[in-house]
Amino acid sequence: MRYQKEIFVEQYPLVGSFTKHLVCHRVIRSNLVNLRQGTSFWNDTSTAHLLQASISWCMLFGSDGQNETHWKKLDLGDGNVEAHFRQRLLEALSLSQEQWKSYWEEMVDFRNNYSAHRALRFERPVPVFDLALEIAFFLRQLGS
């Protein structure tokens with residue numbers, strides 16, 4: 001499978017950005033109980049990292065209509081990328097199409113209604129980002 005290199009060159013750092021923000025969020029969050037001073041600062045910092053992680057992930061995997069860094073933009077014009085990429089992703093992560101769609105909707109909903117914009121009384125739980133991390137690593141492996 002061949003991809004548009006100029007698109008992948010932009011996507012690759014976004015995977016790194018997503019990963020770094022998620023790791024920072026998790027490290028800070030896991031140490032919040034040990035912090036006695038500045039807890040509000042560290043809580044806000046942790047939250048900011050999580051919000052940025054969700055935005056970076058959605059630049060790669062969220063809505064594809066407007067974002068030039070979306071994985072579907074890797075297509076060389078032959079229409080093969082979407083089917084092959086999705087098939088390989090689902091197989092590699094042992095996901096059904098329904099599981100992918102449900103998780104994708106959860107992540108995009110969080111980004112759209114909490115991270116990038118703020119819906120009043122948004123009360124859905126924060127998505128578990130473990131699968132988002134696996135999906136991001138899958139994209140990164142394409143360049144290896």
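**Entry 1: the overall layout**

In what order do the elements of the chain run from the N terminus on? I looked this up in a predicted model, and I read the order as α-α-α-α-α. My tally of the secondary structure is 5 helices and 0 strands.

**Entry 2: helix α1**

I followed α1 from residue 5 to residue 31, which gives 27 residues. From its first C-alpha to its last it reaches 39 Å, close to the 39 Å expected. I then listed its buried residues, among them I7, F8, L14, F18 and L22. Q11, T19 and H25 are on that buried list too.

**Entry 3: the core**

A reminder to myself: nonpolar side chains tend to be buried together in soluble globular proteins. So which residues have the most contacts inside the largest nonpolar core? I found F18, W57, F61, F85, F129, I135 and L139, in a core of 35 residues. Two or more residues each come from α1, α2 (39–61), α3 (80–92), α4 (97–115) and α5 (130–142).

**Entry 4: a closer look at F129**

I picked F129 and asked what it touches, leaving out residues up to four places away in sequence. My list reads F18, L22, R26, L50, A53, S54, Y103, M107 and F110. F18 and L22 were already in my notes as buried residues of α1.

Definitions and conventions. Residues numbered from 1 in each chain as written. Predicted model: local features only at pLDDT ≥ 70, side-chain atom pairs only at ≥ 80, totals over all residues. Heavy atoms only, no water. Helix = DSSP H or I, 4+ residues; strand = E, 2+ residues; numbered from the N terminus. Expected span 1.5 Å × (residues − 1). Buried < 20%, exposed > 50% of the residue type's maximum accessible area, 1.4 Å probe, protein only. Core = buried A, V, L, I, M, F, W, Y, C linked by side-chain atoms within 4.5 Å. Contact = heavy atoms within 4.5 Å.
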